[in-house]
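Have the sequence and the 3D view open as you read.

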Amino acid sequence: MKAQEIPPIENYYPEDYKAENQNWSISQTEDNYIYIANNKGLLEYNGANWQLYPSPNNTIIRAVNVIGDKIYTGSYMEFGYWQKDIYGHLQYTSLSNNLKEPLKEDEQFWNIIELDNWILFQSLNRIYIFNTVNKSFKVIESKTLLTKIFKVNDHIYFQKINDGIYKIEKGKAVLVTNDKIVKSNTLVNIFYENNALLIQTQNKGFYSFKNDKLTSWNTKANSIISKYSVYSSLKLRDGSFALGTISNGVVQINKNGDVLNIINQEKGLINNTVLSMFEDTNHNLWLGLDNGISVINYNSPFSVYNDLKGNIGTVYASIVYNGNIYLGTNQGLFYKKIDSNEDFKFIKNTNGQVWCLKRYYNTLFCGHNLGTFIIKGNSANLISTVMGTWDIKPVKSNPNLLMQGNYDGLTVLIKENNKWKFRNKLKNFDISSKFFDFISDNELFVSHEYKGVFKLKLDDNYIKVLSYKTEKSIPKGLKSSIVNYNNNLYYTYKEGVFKYNKKTQKFSKDKILTKKLFDNDTYLSGKLIEDISTNTLWGFTNKSILFFSHGELNEELQATKISIPSNLRKNIPGYENLAYLNNRKYLFGTSNGYVIIDLNKVVDKPYKIKINSIDKSTIAGNKTPVKLNGITNFSSKENSIYFKYSVPDFDKYEEVNYQYKLEGLYNGWSNWTTNSEVSFKNLSFGDYTFIVKAQIGNKYSINNASYSFTINRPWFISNLFIAIYVLLLLLLLYTIHILYKRHYTKQKKKLLEKQQQQFTLSQLENDKVIMKLRNDQLRQEVQSKTRELSASTMNIIKKNEILNTIKDELLKVKDNANIKPVITIINKHLSHKDDWNTFQKAFNNADSDFLKKIKSLHPNLTPNDLKLCAYLRLNLSSKAIAPLLNISPRSVEIKRYRLRKKMDLSHSKSLVEYILQI
């Protein structure tokens, strides 16, 4: 294998695009989507996802050509076009079904060409010319096989096997040449070059046809090409030719016929048989292979040397010196002539790890695990055996001295008698010195990623370290480094870039360099490399390589980022290395070879992101497509939305990242991700706008793709139902109002009734009080009457007693005629009838109806008995009653006894108590 740098190659295996192996034709749309004719159907690639559209009759698609907004394809017994519908999916329309005459048996269509308003479909038997204006067809027949059809300078040529080359004029085939070369050799392509037709055959190379003469194109390439069987070819936009062979990959030659490169399976292709070729809008060469698809980034700023066999190893250092490229690897030192395709050659005695390659005073030094070598041509001379030379730097105060950083400290090389040799190791310092640099003639910094940064003070002769201390203004850090750029010392680790201030003798963060180095990127390595030849400072991040240089109008460092992700660089972080070659080209060492960066090809090209498809679904349902244009309303059940988007970029070293947001759900941007699809499930009703943007390498897409949609409210909260709910609510409120009114009416009625009842009760209480008062009054009146009755009775008793006394005294006087009238008068006043009537009236007033009650209870009572009862009711004693009845107390007792018997009272019950209870 020759040491040849080739453009980056991106490979797609059948497992990637999920179709069959063979790919027969390739084309591209205006939005940069790639379409490929595959054995299983039509492949669509948008830069992120592959989509397969089976042919209408499930046969092999042999030809594809994008013309305008239509994608024309040809397959077995079928040709027509595909066009995107409102959902972003391709829909097929057959043209062959409109033919007036039937297709030939087993006819297959291999090529499709456009010319003005016509589209030509070529099979092995015919050419069908379709007029896109009036939709008519013309057919060109051939008795022999038609291999291919070619468009050259707006003319259509084709070959009839064993016949010649024909040209279509006015819809008819006109013979151009029937030279035996073209009759006996299959043509691959026809180009127009130097005012002549350049005819390419499958096995005999190129021929030039001019002035009706066919002559061989005698170039250096012909001798090589004639060894290969060429199946496909293409003239690239830079004027070179790409030839796809049957078993030898791709051969690129320039317009002068010189071979530029040969790219085959050994150098990165999936397969060596190239069935089809296509150059896209970004000058990438697409190869439809017999097994897979490869894309060669011919216009990439990168070219790659892959040490596939492991002969070189991991590159840790590189340099251009005296016309040679030197590579220092973990396997030794290798070299070759610059700009040659020869193999790298090993320099004897340099087996083992090379750490650095430095050129000072026109001498090339090699820092090696074994020590230090001086390199001359292909020879190496070991001048220092102190192991592990990390780096070598000049002592500015003495051009005859060089300082070395070694595994166990610092050493000095000296030039004596025009020869360099080891002089001494600096005493008092044994710490590994991978990164070091001078502050002044006698001071320097040594950075150790595990122990920190040390500040050393040296003696004037560089014999020993007088003192050293840990620098406190900066912490230690993994993969950190120190570098001197434009007389400024910079220390870099994961927290940023720190610049040394000689006045304050401290490091402080350089915010400008930190921002430019790590802005929108993640820390990978703190190693910075100064390139003296171009006065640039190089740094390395997770996504990029970048370099700083001074602006033309000011001293501020300008940063230029080159997108190449660390996973594709394949270098060891902390051991990055590069070398300036020429003409703004740099060599960057990797773990299996190197990458050449051509800054002339680093261009700021625009990228556009596009939403490819949108699907909707219920939570548990199947996805259904959604139209891409306009505002769409989705039902409340179809509230899971799926978006697919992409940037059609096909550069291997440019990583595409996406960022999105869904306004209406959250307004903040998501984190950057390489995933080109996103879903939002179980969205609530409302208005939403999905926005997505892309970052390609270090560039942002020139647009943000967006899509607005609405999730309708569920039926139960639709406008109609809301109106119904309002009516029902109003009805409910009215009903509640009525019910409450009734309730309050009832409550009011109850309250009134209660109040009435309370009033009645109050009135009754008042009446009761009044009645009580009246009763009290009556009682008082009764008591008064009783007192009056008692008094009256007592008066009667006293009157009768007095009268009886007077009578008794008068009766003692006998025979006094004057006495009898007095006694008569006294007897008259002792008559109890009037007294009784008066007493009865008074007694009835005092004790209403007592006599009636007792009479009703005891009908057999005599008036005298009733009198006795009345007197007993007054609780009078027998003695008091006797005068009233004008009888003796003994007679009263007898009357009482008889009264008890009439009332049938028991002996235990008191007569007076009984009468009082009635």
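What follows covers a pair of helices and then a pair of strands.

## How the two helices meet

Please keep in mind that this is a predicted model. Two packed helices are described by the angle between their axes and the distance between the axes. For helix 10 (residues 863-873) and helix 11 (residues 878-885), the axes come within 11 Å and cross at roughly 140 degrees. Because angles over 145 degrees would count as roughly antiparallel, helix 10 is oblique to helix 11.

The crossing of helix 10 with helix 11 is right-handed. On the helix 10 side, K867, L868, Y871 and L872 make the contact, and they meet I881, L884 and L885 of helix 11. Six of the residues in this contact are nonpolar, one is charged and none is polar.

Is helix 10 mostly covered or uncovered? It is mostly covered, with nine of its 11 residues buried. The buried residues of helix 10 are D865, L866, K867, L868, C869, A870, Y871, L872 and R873. Among them, K867, L868, Y871 and L872 also take part in the contact with helix 11.

After helix 10 comes N875, a residue with a positive phi, near 60 degrees.

## A pair of strands

Strand 62 (residues 677-680) has two faces: V678 and F680 lie on the covered one, while E677 and S679 lie on the uncovered one.

Strand 62 runs antiparallel to strand 60 (residues 640-646), and four bridges join the two. Opposite F680 of strand 62 stands I641, and F680 belongs to the covered face of its strand.

Terms used:
Residues numbered from 1 in each chain as written. Predicted model: local features only at pLDDT ≥ 70, side-chain atom pairs only at ≥ 80, totals over all residues. Heavy atoms only, no water. Axes fitted to C-alpha atoms, helices over the stretch in contact; angles between N-to-C directions. Parallel < 35°, antiparallel > 145°, perpendicular 65-115°, else oblique. Left-handed = near helix turned anticlockwise from the far one by under 90°. Contact = heavy atoms within 4.5 Å. Nonpolar A, V, L, I, M, F, W, Y, C, P; charged D, E, K, R; others polar. Buried < 20%, exposed > 50% of the residue type's maximum accessible area, 1.4 Å probe, protein only. Pairing = 2+ DSSP bridges.
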